[in-house]
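I've got a new chain open on my screen and my notebook next to it. Let me jot down what I look up as I go.

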Amino acid sequence: MASDFLSIIEPANRTQRDESGEPAASGRILPVLPVRDTVLFPHAVLPLTVGRESSIQLIQSLGDEKTVVVVAQRDARVDAPQPSDLHAVGTLATVHKVVKMPNQSLFVFTEGTQRVKLGEFNQFEPFMTAGVEPVPEITPAKGTEIEALHRNVTSQFQQIVTSSPTLSDELQTIALNIEDPGRLVDFIASSLPFLPTTEKQELLETPDVVSRMERINKHLAKELEVQQLRNKIQSEVQDQVQQSQRDYYLREQMKAIQKELGEMDEGQKDIQELRDKIEAAGMPEEVKKEATKELNRLSRMSPMAADYSLTRNYIEWLAVLPWTKSSGGAVDIAKAKEILDEDHYDLKKVKDRILDYLSVRRLKPDMKGPILCFVGPPGVGKTSLGRSIARALGRKFQRISLGGMHDEAEIRGHRRTYIGALPGQIMQALRRAETNDPVFMLDEIDKLGRDFRGDPASALLETLDPEQNNTFRDNYLDVPFDLSKVLFICTANMLDPVPAPLLDRMEIIDLSGYTEEEKVHIAFRYLIPRQIKENGIQPGEDGRAQIEFPEDSVSFIVRHYTREAGVRKLEQLIGTVCRKQARRIAEGKTDTLVVDRATIHEFLGGIKVRVDTEIAERTKRAGVSVGLAWTPAGGDVLFIEANRMKGKGGFTMTGQLGDVMRESMQAALSWVRSNAAELGLKEDFTSEQDLHIHVPAGAIPKDGPSAGVAMATAIVSLMTDTPIHPLTAMTGEITLSGNVLPVGGIKEKFLAAKRAGVIDVILPAENRQNVEEDLTPDQTDGVTIHYAKTIDDVLRVALPRSSSEQQHDSELREQVIEHATA
């Protein structure tokens, strides 16, 4: 293209104007040649491919003059352009040579001569012709500004040509030889392949030379910046490639040298170490085959490969798992019993179950581990009991918290196709334990979540099934691992949220709670020594302890500052007292502190719990009974209040009650109404008055059938105007025929009643076996248990039958209130 420009610069100057000096195109009608995505500038030679039938006929019709108007289409997709599809300004061109191509198209060499504006079209078929008018250039006067712009455009164009691999260096010479600014801009615009067609057309339509120069100057500056950035990127990439090649050659040389010296490189050392670990791991044959296969694959990989670290981590996991390593050791039943008794007070049923397991394991070492589940309120020692069991067995202890876990992969692991994949918590804990028979504590199994990521409870079905977990497959490892030697211990506050299939695989052991006497024993054996040690209280110079807790003071804290089934709150209060003494010692008061009631009031504030007084005071009036309820935090007492007012037989139930509890109230009222005559009431006692039953603590949802007898007792007490015996509580479900049905949670309810100071407890007769199995004589000491088959049995115990009994009840209430106040 550059040689074409050199050959036609002068001829173009000679043919631009005729002898009169007017533009050669003025007032002429010429054929119009539409072109796609192409702009022909004056003084430029441009080869065109002509393929449309109309354009071929146009070229073939040319005579000696060979003059056409080349005009760019507005839309290159239009195959049959009309005048409206063409730009208004084109270029007058001379056709120098026509070459016929094998596909019947024409290859036409054209030379632009001057800008022209299309006028009226005179012909449309077989090709278009139109009148044209020249577009005169607005040439500026010579000056320093034009000269500077001219030099800047030329300089930038030279830099672009120099740095571009696609542009010929001859273009620089041509640009330097063009002195006319307008011709320079047209030459540069036609030479730049990156300039969009729309921009070229705008330059063609701009007659003002200064404006054209400013516009092309901006395009050149932008292109120069793009080229510089491209060259920078290309240079950086080239440097990286060269560095990679250099590193590769150096590594190959290092390998060759090490081979000559008989040494191994780091990669080979790593492979050999993994091979030794696989041999020493004692894997089953199936697992060893998989590990060896992956190791051979790793040895053929480059350390820079994307899968290298993933494969190595996988082999590392297989090699470090305890396939055959066990805790071992002989089972000493006596020592295990001693450890369990040392760490935990009472809990006879749990200790017996563990000792039974140890005895069987001594006779049959390859037995499968049981799946135990400790169920009870917070603070009764479920988790610490797991640690004691591990110590008694001489095994490693691992705890996994399941509370709030939503993702199934936390149990079974992620598949290796995921980025950052790891084995599940079970296999990770085994790696930490370094033995295949640890004690696993799965804490808070009742608080497992479930969402779109899966159901962890379902993933635990295989883990906690002794018949299946001997071939447990983690998704990440994808090889079987024997979990049958692991002793799994689960903990839960309640069993309702645990799925039935999972519950079926576990042996449930209830840890209900402690009586006041048991809490005092636990405090002296465990809590007080631990808090004294944790708060840095050392014996004095005389060897005497710097803080002492009398037994009656600990009992006072238990009775009046805690209301819980466990001992967590009690330990916190003892810790508070110890911290106060630590502060006294730090202030220089080194005398021994004997914690009496005055000290307790000073350090812990006023009495927080007055349940026994509350029962005595609230049962003064008729219509109030005391029920017993089960909660996830242990048992609790429940007051039920009934009242009446004038009305038309309405019945209101409040206290945020569930449907089952409402039905119990309806059943209790129906029984009272159907037995009104036997109770000494009018048969239509509800016709002229409304009844309202309320269960206080209205912000707490309540439900269940076990308060039926308490509701019936409250209604009878109200209608007969007879307060119930003081310090009497009851539980049981009522039927319409007056039978008392058994209920659950007897131990929790009984202990709650005893903590509240109750001396008479009414239970369903069919729950007698639960009392005999779950409660010890020490726990039932001081409380009289009455068994009832019908509601009549309940009323005979709960309501006084004579004035002398009512007088005795009144005196007893006053004694309780007076004693508590004192």
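Helices (H or I, at least four residues) and strands (E, at least two) are DSSP runs, numbered from the N terminus. With that in hand, I looked up the tally: the protein chain has 29 helices and 24 strands.

A note on what I'm looking at: this is a predicted model, where local features need pLDDT of at least 70, side-chain atom pairs count only at pLDDT 80 or more, and totals for chains, interfaces and linings use all residues. Residues are numbered from 1 along each chain as its sequence is written, and side-chain values use heavy atoms, with hydrogens and water left out.

Next, overall size. I found a radius of gyration of 50 Å for the protein chain, while a compact globule of 822 residues would be near 28 Å. That radius is taken over C-alpha atoms, and the globule rule is 2.2 Å times the number of residues to the power 0.38. The C-alpha box along the principal axes is roughly 150 × 95 × 65 Å.

Then I checked burial (buried means under 20% relative accessible area, with a 1.4 Å probe and protein chains only). I got 48% of the 822 residues as buried.

Last, I zoomed in on some strands, which pair if DSSP finds at least two bridges between them. Strand β16 (residues 624-631) runs antiparallel to β17 (residues 634-646), with eight bridges joining them. There I spotted L628 opposite V637 in β17. β17 also runs antiparallel to β19 (residues 689-694), through six bridges. For E641, I noted H694 in β19 as the bridge partner.

Note on methods: Buried < 20%, exposed > 50% of the residue type's maximum accessible area, 1.4 Å probe, protein only.
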